[in-house]
Amino acid sequence: MTQSTPWWRGASVYHIYVRSFFDSDGDGHGDLQGVLAKLDYIQSLGVDAIWLSPVHPSPNRDWGYDVSDYHGVHPDYGTMDDLQAVIDGAHARGMKLLLDEVLAHTSDEHAWFRESLKGGDKADWYVWAPLKDDGTAPNNWLSAFGGPAWAYQPLMRQAYHHKFLRQQPKLNWRHAPARAAALEVLDFWLSKGVDGFRLDVANAYLHDPALTDNPVDDSDTGLRWSAAANFQRHFNDSNLVENIEALDAVRRTVDAHPDRFVFGEFSEEADRCGGFAAPDEGLHAGYSFPLLIARRMGPDFIRNHMELLARYPDHWPCITFSNHDVPRTPSRFGDGSLPVAKVMLALLLTLRGSILLYQGEELGLPEADLTREQLKDPVGDLYWPAHKGRDGCRTPMPWAPGEHLGFSTATPWLPAAPEHAGLTVAAQEADPDSALALSKALLALRRAHPALRLGGLTFRDAPSPMAVFERSWEGERLLCAFSLGAEAPPADPAWQEGETLLEAAGPFGFRIARL
């Protein structure tokens with residue numbers, strides 16, 4: 001990497017869902033001291049940075065994504081000193097530390113919203129509108145979590161907009177004081193030494209001030225039927241073209257602090273709302289959802305997304321197959337088995353972009369199968385049994401054998417997954433053929449070869465179900481071949497060309513070679 005190349009280009013970022021990572025004090029949920037205790041493990045993986053899920057105080061209606069105080073630390077997780085110790089500990093080990101900030105909405109228990117209810121100086125800090133004469137919602141906007149995206153509040157004799165739960169009122173980024181307060185949150189944490197941010201629903205900062213109805217999405221796809229909100233194109237409650245202006249304001253705030261990184265989640269219409277912006281506008285990078293909602297293994301899902309990104313050649317993407325919101329990769333694309341996990345790890349870690357690796361992904365963990373009684377996620381409660389929600393990917397990280405897989409002596413907030421009993425860190429650290437060993441080898445390869453971190457990506461034609469591409473950078477060329485099917489790999493020159501750097505034979509095989 002040249003001196004002028006930012007550290008985050010091509011970096012690998014390890015995503016920690018703090019509540020389920022490691023419980024240091026036996027109370028059933030993960031905490032910051034638990035993160036601190038596992039920094040050596042994270043460093044041993046070979047990642048460049050850590051992204052922590054929200055650590056701020058929250059009533060946990062949406063498990064931390066409903067923030068009630070942006071300037072504090074949730075007592076479940078520890079103290080400000082504990083967070084500072086994690087920041088300093090990551091830096092001492094040569095890693096960056098990123099926080100997850102949720103600035104498109106707050107909790108309804110945030111002081112700003114309580115003041116807004118009084119109708120004073122903060123009345124316009126949220127998106128308020130009168131009901132229609134018959135008492136129905138101001139317009140047709142639908143919440144991502146079901147039902148109208150409006151909640152009536154008698155104190156104001158109006159309704160407030162919420163894109164998600166009614167306990168998550170939308171912050172009004174069109175109101176200058178509210179926007180300034182949100183940007184000050186970033187300054188506050190940057191001054192504490194954090195290296196940047198992942199921004200939740202970065203596509204949803206701005207709304208149409210005229211409150212125009214959303215247009216109907218009449219595409220007859222399975223995705224449309226999976227949730228009520230998918231019956232609309234979300235062009236007016238979020239995903240506005242002018243959203244890029246809000247992203248620029250974030251970027252200017254972060255760039256005022258040297259050597260920092262800010263990337264965003266663009267859950268909808270990424271090409272419309274600034275998710276694929278060029279380097280001199282919007283955020284430094286972002287990820288969209290095609291790879292997270294994909295379910296069918298084969299060359300098409302990855303080739304289609306890379307071709308989509310190629311339409312925005314100046315944009316630097318983040319690439320992720322897994323996170324705290326979607327079923328785990330081996331179960332989403334296959335039967336949850338180790339060969340599926342391994343080929344997907346190899347594919348992920350050879351792609352162009354900054355890579356986001358979710359905790360447990362390095363272990364090849366499948367999705368946990370929870371009963372309805374075990375669920376804590378409001379999405380699972382809403383859509384059961386068609387959709388079990390997001391808890392299946394949020395179960396405790398399996399550290400060591402035992403009833404709770406080394407997570408806690410107390411009953412964990414979510415049960416330890418029986419499916420993970422043979423996949424603990426302790427077991428895999430002793431197994432040279434484990435997913436963990438492969439993850440470390442792939443991350444080492446990515447660090448050693450600039451072509452993987454920074455290079456271009458060009459697909460080759462190959463027989464199905466193979467995906468074959470070259471990565472190239474300053475004279476170095478690497479060949480990456482993957483058999484994305486359960487049958488024997490088809491014959492193709494990619495299995496023999498060049499000098500092998502890393503490979504796995506058989507169905508779901510792969511090969512990385514220097515040309």
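User: Why is cysteine 480 called buried?
Analyst: Its relative accessible area is 0%, and buried means under 20% (exposed is over 50%, partly exposed in between, with a 1.4 Å probe and protein chains only). Cysteine 480 is therefore buried by that definition. The model is predicted, so local features need pLDDT of at least 70 and side-chain atom pairs count only at pLDDT 80 or more, while totals for chains, interfaces and linings use all residues. Residues are numbered from 1 along each chain as its sequence is written, and side-chain values use heavy atoms, with hydrogens and water left out.

User: How many disulfides does the structure hold, and how do you know that cysteine 273 is in none?
Analyst: There are zero disulfides. For cysteine 273, the nearest cysteine sulfur belongs to cysteine 318 and is 14 Å away.

User: What makes phenylalanine 261 and phenylalanine 263 an aromatic pair, and of what kind?
Analyst: The structure holds 27 aromatic pairs. In this one the ring centres are 5.3 Å apart and the planes are at 25°. Rings of Phe, Tyr and Trp (its six-membered ring) pair if their centres lie within 6.5 Å; planes under 30 degrees apart count as stacked, over 60 as edge-to-face and the rest as tilted. The pair of phenylalanine 261 and phenylalanine 263 is therefore stacked. Both residues are buried.

User: Why is the pair of phenylalanine 301 and phenylalanine 333 called tilted?
Analyst: The centres are 4.8 Å apart and the planes stand at 40°, so the pair is tilted. Phenylalanine 301 belongs to helix H10 (residues 299-310) and phenylalanine 333 to helix H11 (residues 329-333), 32 residues apart, and the pair links distant parts of the chain. Helices (H or I, at least four residues) and strands (E, at least two) are DSSP runs numbered from the N terminus. Phenylalanine 301 is buried at 11% relative accessible area, and phenylalanine 333 is buried at 6%.

User: Which residues do ring pairs link into a cluster?
Analyst: The cluster consists of Trp7, Trp8, Trp51, Phe261, Phe263, Tyr287 and Phe289.

User: How do you know that the charged end of arginine 272 sits over the ring of phenylalanine 235?
Analyst: The charged end of arginine 272 is 3.9 Å from the centre of that ring. A charge sits over a ring if NZ of Lys or CZ of Arg is within 6 Å of the ring centre and within 35 degrees of the ring normal. Lysine 122 lies over the face of tryptophan 125, at 4.7 Å from the ring centre.

User: What makes S9 and S10 edge strands?
Analyst: Eight strands form an open sheet with parallel pairing, in the order S9-S8-S7-S3-S2-S1-S11-S10. Strand S9 (285-288) and strand S10 (318-319) are the edge strands, each pairing on one side only.

User: Why do strand S8 and S9 count as paired?
Analyst: Strand S8 (residues 261-266) and S9 share four bridges in the parallel sense. Two strands pair if DSSP finds at least two bridges between them, so these two qualify. Glycine 264 is opposite glycine 286 in S9.

User: What joins strand S15 to strand S16?
Analyst: Five bridges join strand S15 (residues 499-504) to strand S16 (residues 510-514), and the two run antiparallel. Leucine 502 has isoleucine 512 in S16 as its bridge partner. S15 and S16 form a hairpin with five residues between them, and glycine 506 in the turn has a positive phi of about 90°.

User: What lines the largest cavity?
Analyst: Its lining includes Phe321, Arg328, Pro330, Met344 and Glu361. H11 and helix H12 (338-348) are the elements that give two or more residues to this lining. H12 gives the largest share, three residues.

User: Why is H12 described as largely enclosed by the rest of the structure?
Analyst: Nine of its 11 residues are buried, so H12 is largely enclosed. Among the buried ones are Ala341, Lys342 and Met344.

Definitions and conventions. Disulfide = S-S within 2.5 Å. 1 Å grid on protein atoms, 1.4 Å probe; cavity = no way out; pocket = protein on both sides within 12 Å on 5 of 7 lines; lining within 4 Å.
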